[in-house]
Amino acid sequence: MLTTLAWTTTPISSTPIMMLIREAMQILTRWTKAIASSMDAIESSMHSKNTALFKPVAIAVLTVALFGLTACGSTGPKYRNVRSFSEGLAPVQAQTGRWGFINERQEWVIAPRFEDAKEFQGGKAAVRQNSKWGFINKRGEWL
């Protein structure tokens with residue numbers, strides 16, 4: 001039975017949300033470079049005096065269009081709640097309300113079947129199932 005636990009804290013830079021923000025920023029950077037490259041090609045093929053204004057306006061329009069298209073394909077958040085990574089796994093609450101554990105590639109390692117879950121510490125994590133707390137190992141086996 002679980003009595004007291006001392007949890008370690010994980011730097012915010014390794015949380016799943018920060019990882020998603022970094023990934024989104026990388027995608028945005030790639031899009032911006034691709035748009036700028038395309039605009040350079042278009043601008044070099046044009047010979048009017050309005051080309052200086054054309055490039056920034058075109059980049060802005062294409063960027064807004066790309067964001068609109070990607071937002072249409074969004075299905076919303078993958079998880080209801082995410083806790084910190086510890087020992088390579090993070091407790092995550094699925095849309096069903098059950099808790100499981102994902103790795104840093106956001107793959108389920110332990111399927112969501114718990115009512116609550118805490119971070120791993122010393123190779124074990126506290127989880128609640130059927131209103132009772134206990135410990136599991138990194139394979140999801142009860143200890």
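First a term: two strands count as paired if DSSP finds at least two bridges between them. The strands themselves are DSSP runs of E with at least two residues, and helices are runs of H or I with at least four residues, both numbered from the N terminus. With that in place, the bridge partner of Pro91 in strand 3 is Phe101.

Now the ground rules. This is a predicted model, where local features need pLDDT of at least 70, side-chain atom pairs count only at pLDDT 80 or more, and totals for chains, interfaces and linings use all residues. Residues are numbered from 1 along each chain as its sequence is written, and side-chain values use heavy atoms, with hydrogens and water left out.

For an overview, the protein has 2 helices and 7 strands, and along the sequence the pattern reads α-α-β-β-β-β-β-β-β. Of the 143 residues, 27% are buried, where buried means under 20% relative accessible area, exposed means over 50%, and partly exposed is in between, using a 1.4 Å probe and protein chains only.

Back to the sheet. In general, strands of a sheet pair through backbone hydrogen bonds, either parallel or antiparallel. Here 4 strands form an open sheet in the order 1-2-3-4, with antiparallel pairing. Strand 1 and strand 4, residues 108-114, are the edge strands, and each pairs on one side only.

Strand 2 is joined to strand 1, residues 79-82, by 3 bridges, and the two run antiparallel. Within that pairing, Tyr79 stands opposite Ala94. Towards strand 3, residues 99-102, strand 2 pairs over 4 bridges, again in the antiparallel sense. Val92 stands opposite Gly100 there. Strands 2 and 3 also form a hairpin with 4 residues between them, and Gly97 in the turn has a positive phi of about 95°.

Next, the aromatic rings. Searching the whole structure gives 3 aromatic pairs. Rings of Phe, Tyr and Trp, the last by its six-membered ring, pair if their centres lie within 6.5 Å; planes under 30 degrees apart are stacked, over 60 edge-to-face, and the rest tilted.

Why is the pair of Tyr79 and Trp108 called edge-to-face? Because the planes of the two rings stand at 90°, with the centres 5.9 Å apart. Tyr79 is in strand 1 and Trp108 in strand 4, so this pair ties together parts that are 29 residues apart in sequence. Tyr79 has 14% relative accessibility and therefore counts as buried, whereas Trp108, at 38%, counts as partly exposed.

Phe114 and Trp142 form another edge-to-face pair, 6.0 Å centre to centre with 85° between the planes. Phe114 is in strand 4 and Trp142 in the segment after strand 7, residues 132-136, so the pair links distant parts of the chain, 28 residues apart. Phe114 is buried at 0% relative accessibility, and Trp142 is partly exposed at 43%.

Last, charges over rings, which require NZ of Lys or CZ of Arg within 6 Å of the ring centre and within 35 degrees of the ring normal. Arg83 lies over the face of Trp99, 4.2 Å from the ring centre. The charged end of Lys124 sits over the ring of Phe135, at 4.8 Å from its centre.
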